[in-house]
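Welcome! Here is a short tour of a protein for anyone meeting it for the first time. Have a look at the sequence and the model, then read on.

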Amino acid sequence: QVQLVESGGGLVQAGGSLRLSCAASGSGFSIIRMGWYRQAPGKQRELVATIASGGSTNYADSVKGRFTISRDNANNTVYLQMNSLQPEDTAVYYCNVQYVTYMLFTSWGQGTQVTVSS
């Protein structure tokens, strides 16, 4: 099973930046897609951005132009660079990895809090 370790959350003022990281570890797996989701208090978890093994990316409309997802395939790590943060970006951010061993699996990180003050 793939284990995920997230880092990089914190408190930032509006207009500031943060960078999240998520490292996947384990053995005998091949990553298909990595991504970030977020869940604000009282709201459902929503997609922020994903990146496929070939490098294609997908973003939520609300973060396009402000957030950038990237990955280091050699180290099975995905990053989320968040610029021009706004209070509405406040949420717990979760790393998500889709991978295959003998079948397709999904793993979630433990979540990291991002708080943007106005």
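## The overall picture

From the N terminus on, the elements of the protein run β-β-β-β-β-β-β-β-β-β-β. That comes to zero helices and 11 strands, where helices (H or I, at least four residues) and strands (E, at least two) are DSSP runs numbered from the N terminus. This is a predicted model, in which local features need pLDDT of at least 70 and side-chain atom pairs count only at pLDDT 80 or more, while totals for chains, interfaces and linings use all residues. Residues are numbered from 1 along each chain as its sequence is written, and side-chain values use heavy atoms, with hydrogens and water left out.

**Size and packing**

- Along the principal axes, the C-alpha atoms fill a box of roughly 45 × 25 × 20 Å.
- Of the 118 residues, 42% count as buried; buried means under 20% relative accessible area, exposed over 50%, and partly exposed in between (1.4 Å probe, protein chains only).
- Among contacts (heavy atoms within 4.5 Å) between residues at least 6 apart in sequence, 54% join residues at least 24 apart.

**The nonpolar core**

- A nonpolar core is a set of buried Ala, Val, Leu, Ile, Met, Phe, Trp, Tyr and Cys residues joined through side-chain atoms within 4.5 Å. The largest one has 30 residues, of which Trp36, Leu80, Met82 and Tyr93 touch the most other members.
- Several strands each supply at least two residues of this core, including strand 3 (18-25), strand 4 (30-39) and strand 11. Strand 9 gives the most, with five residues.
- Not counting residues up to four places away in sequence, Met82 touches Gly16, Ser17, Leu18, Leu20, Arg66, Phe67, Tyr93 and Val114.

**Aromatic rings**

- A search of the whole structure finds four aromatic pairs. Rings of Phe, Tyr and Trp (its six-membered ring) pair if their centres lie within 6.5 Å; planes under 30 degrees apart count as stacked, over 60 as edge-to-face and the rest as tilted.
- Tyr99 and Phe105 have ring centres 5.6 Å apart and planes at 25 degrees, so this pair is stacked.
- Tyr102 and Phe105 also have ring centres 5.6 Å apart, but with planes at 80 degrees, so this pair is edge-to-face.
- Tyr99 is buried at 3% relative accessibility, Phe105 is partly exposed at 26%, and Tyr102 is exposed at 70%.
- Ring pairs link Phe29, Tyr99, Tyr102 and Phe105 into a cluster.

**Charges over rings**

- Arg19 lies over the face of Tyr79, at 4.0 Å from the ring centre, and Arg45 lies over the face of Tyr94, at 3.7 Å. A charge sits over a ring if NZ of Lys or CZ of Arg is within 6 Å of the ring centre and within 35 degrees of the ring normal.

**Two residues to look up**

- Ser107 lies in strand 10 and is buried, with a relative accessible area of 5%. Its neighbours by contact include Gln1, Cys95 and Tyr99.
- Gly111 is found in the loop between strand 10 (104-108) and strand 11 (112-117), and counts as buried at 18% relative accessibility. Not counting residues up to four places away in sequence, Gly111 touches Glu6, Val92, Tyr93 and Tyr94.
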